[in-house]
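I open this notebook to record what I looked up in the structure, entry by entry.

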Amino acid sequence: MFKKVLIANRGEIALRVIRACRELGIRTVAIYSEADRGSLHVKYADEAVCVGPAASQSSYLHIPNIISAAVLSGADAIHPGYGYLAERADFAEICEDYGLVWIGPTAAQIEKMGDKSQAKAIMKAAGVPVIPGSDGPVANEDHLAALAKQVGYPLMIKAVAGGGGKGMRIIHSEDELLKGYRLARAEAGAAFGSDQVYVEKYIANPRHIEIQLLGDQYGNVVHFGERECSLQRRHQKIIEECPSPAVTPALRKEMGRAAVKGAKAVKYINAGTIEFLLDENRNFYFLEMNTRIQVEHPVTEMVYGIDLVKAQIQIAAGAELEYNQKGIVPSAHAIECRLNAEDPENDFMPSPGVITKIHVPGGHGIRWDSHVYQGYEISPYYDSMFGKLIAWGGDRDEAVDRMLGALAEIEIEGIKHNVGFHKRVLNDLRFRAGDYSTHFLEQLARKPEPLGKLSNIR
Ligand code: MV4
């Protein structure tokens with residue numbers, strides 16, 4: 001096992017990794033920017049190294065400073081968390097060059113899955129269902145016209161180097177096609193340094209469902225069911241749940257098998273997620289593979305009784321997975337609410353500042369993952385998420401009721417936050433029925449509705 005791990009991240013996920021390392025008897029090195037001196041990830045790591053000023057480009061994304069911190073502190077492995085450098089194949093390779101074990105998939109796997117068109121081709125070849133469309137990038141305008149004829153409208157144009165909702169465009173009819181294609185290429189070139197795009201049929205009102213995977217260095221891959229991630233705003237997830245209200249045990253088995261097949265096709269190592277779109281007829285299609293631990297991993301942990309971050313570290317250290325897929329079954333229901341410093345009354349504008357008061361809820365079935373405390377200053381430089389509230393119960397109703405109780409108890413002053421918005425979603429009758437798609441939150445944010453009648457908790 002490793003003796004010392006450097007965590008190349010900040011905030012709640014850095015703290016999450018520190019806690020896992022502590023339980024495994026591993027010393028930890030935190031890195032921090034000048035704006036993050038007061039963060040709990042700095043306080044609770046065994047050592048901490050300042051890697052630069054507040055701006056991420058000069059600190060959490062500054063590879064030479066991070067590698068120097070790792071080498072000088074004598075770390076033997078690096079955990080990248082999520083975001084920042086977590087899906088940078090070049091960084092994974094540089095770590096290995098400096099003798100630092102990368103707690104994640106190989107650089108080659110990150111690179112393959114980062115090219116969204118190549119990832120899709122690999123999955124298709126492995127027998128995973130994909131959305132009908134071009135095989136690979138669009139070659140030219142004649143090729144585009146032929147593809148549009150074949151796929152039909154509406155269709156989507158997506159950037160090969162995009163992902164997570166960036167660099168996509170819906171085309172409703174032939175008159176929009178050429179203009180949309182040229183715009184999409186120009187935008188992709190400016191945003192990603194590659195103007196390659198591919199074409200897909202547009203799936204209306206899909207649900208976003210992702211399968212959690214673990215692979216070891218010996219070719220074993222298992223899945224831990226799905227997370228329902230359809231509750232997003234502008235491609236930012238707000239609420240996630242496990243299991244999905246839309247997935248039956250039979251569908252779970254089918255989607256899980258497809259995901260494992262896809263991961264095995266690249267001999268996938270460590271934690272990863274395969275995202276699917278589920279259409280209105282419950283057909284599922286591969287969307288993207290995420291080669292990292294994800295923000296919403298705790299809902300899977302509470303339902304399947306596994307510590308995914310510990311598993312990541314053990315796998316990187318050479319441990320063999322000893323699971324029988326048949327024995328991995330969901331035994332509860334969990335929900336995560338992401339708490340953001342933002343103003344739901346003002347188009348969810350970021351609301352940085354000092355948290356002058358915070359009371360966090362607790363009790364049976366409640367988990368709070370956060371790096372903040374009373375007096376903590378939320379910096380304008382980083383993501384506005386300052387904590388994750390997770391509730392679980394024997395079934396979905398119990399989990400939702402428990403979450404509503406926790407949301408009623410929580411007290412936060414000094415910043416604007418989205419606790420009230422979460423209450424509105426959880427009290428919505430369609431949410432309570434599990435009847436929602438990826439468009440639900442946009443609709444709810446546009447049309448304020450009174451609280452639902454099912455709950456007596458305010
Ligand atoms: C789609 C789609 C409909 N049809 N592709 C958005 C995130 C990116 N990973 C892919 N996305 C979508 N791709 C086809 N062919 C609809 C979306 C989409 C979406 C997907 C998941 C979660 C939220 C979403 C919100 C809007 C659109």
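**Largest cavity.** I began with the largest cavity, and I found it lined by R10, H371, Y376, I378, S379, Y382, D383, S384, M385 and F386. On a 1 Å grid over the protein atoms alone, a cavity is a set of points where a 1.4 Å probe fits but cannot get out, and lining residues have an atom within 4 Å of a point. The volume of this largest cavity is about 70 Å³, where a volume is the space filled by probe spheres set on the points, and grid points are joined across faces, edges and corners. Sorted by class, its lining has five nonpolar, three polar and two charged residues; Ala, Val, Leu, Ile, Met, Phe, Trp, Tyr, Cys and Pro count as nonpolar, Asp, Glu, Lys and Arg as charged, and the others, Gly among them, as polar.

**Sources.** I note that this is a predicted model, in which local features need pLDDT of at least 70 and side-chain atom pairs count only at pLDDT 80 or more, while totals for chains, interfaces and linings use all residues. Residues are numbered from 1 along each chain as its sequence is written, and side-chain values use heavy atoms, with hydrogens and water left out.

**Second largest cavity.** Helix α6 (residues 116–125) provides the largest share of its lining, four residues; helices (H or I, at least four residues) and strands (E, at least two) are DSSP runs, numbered from the N terminus. The lining of the second largest cavity includes S117, K120, D135 and Y198.

**Ligand.** Which residues come nearest to the ligand? I found 17 residues around the ligand, of which K158, E200, K201, I203 and E288 come nearest, a residue being near if one of its heavy atoms lies within 4 Å. I then looked at polar contacts, which are pairs of N or O atoms within 3.5 Å; within protein, one must be able to donate a hydrogen and the other to accept it, and residues adjacent in sequence count only if both atoms are side-chain atoms. A nitrogen atom of the ligand is 2.9 Å from an N or O atom in the side chain of E200, whereas K201 brings a backbone N or O atom to 2.7 Å from a ligand nitrogen. For E288, a polar side-chain atom lies 2.7 Å from a nitrogen atom of the ligand. The ligand taken alone exposes 520 Å², and the protein buries 92% of that, with accessible areas from the Shrake-Rupley method with a 1.4 Å probe, where for residues only the protein chains shown count as cover. I see that β6 (155–163), β8 (197–201) and β13 (284–290) each give two or more residues to the shell around the ligand.

**Domains.** The assignment for the protein chain, automatic or from a database, gives domain 1 (4–103), domain 2 (132–201) and domain 3 (207–446). The shell around the ligand draws at least three residues from each of domain 2 and domain 3.

**Backbone.** I noted a cis peptide bond from Y153 to P154, with omega near -10°, and P154 lies in the loop between α7 (141–151) and β6. Another cis peptide bond joins C242 and P243, with omega about -5°.

Conventions: 1 Å grid on protein atoms, 1.4 Å probe; cavity = no way out; pocket = protein on both sides within 12 Å on 5 of 7 lines; lining within 4 Å.
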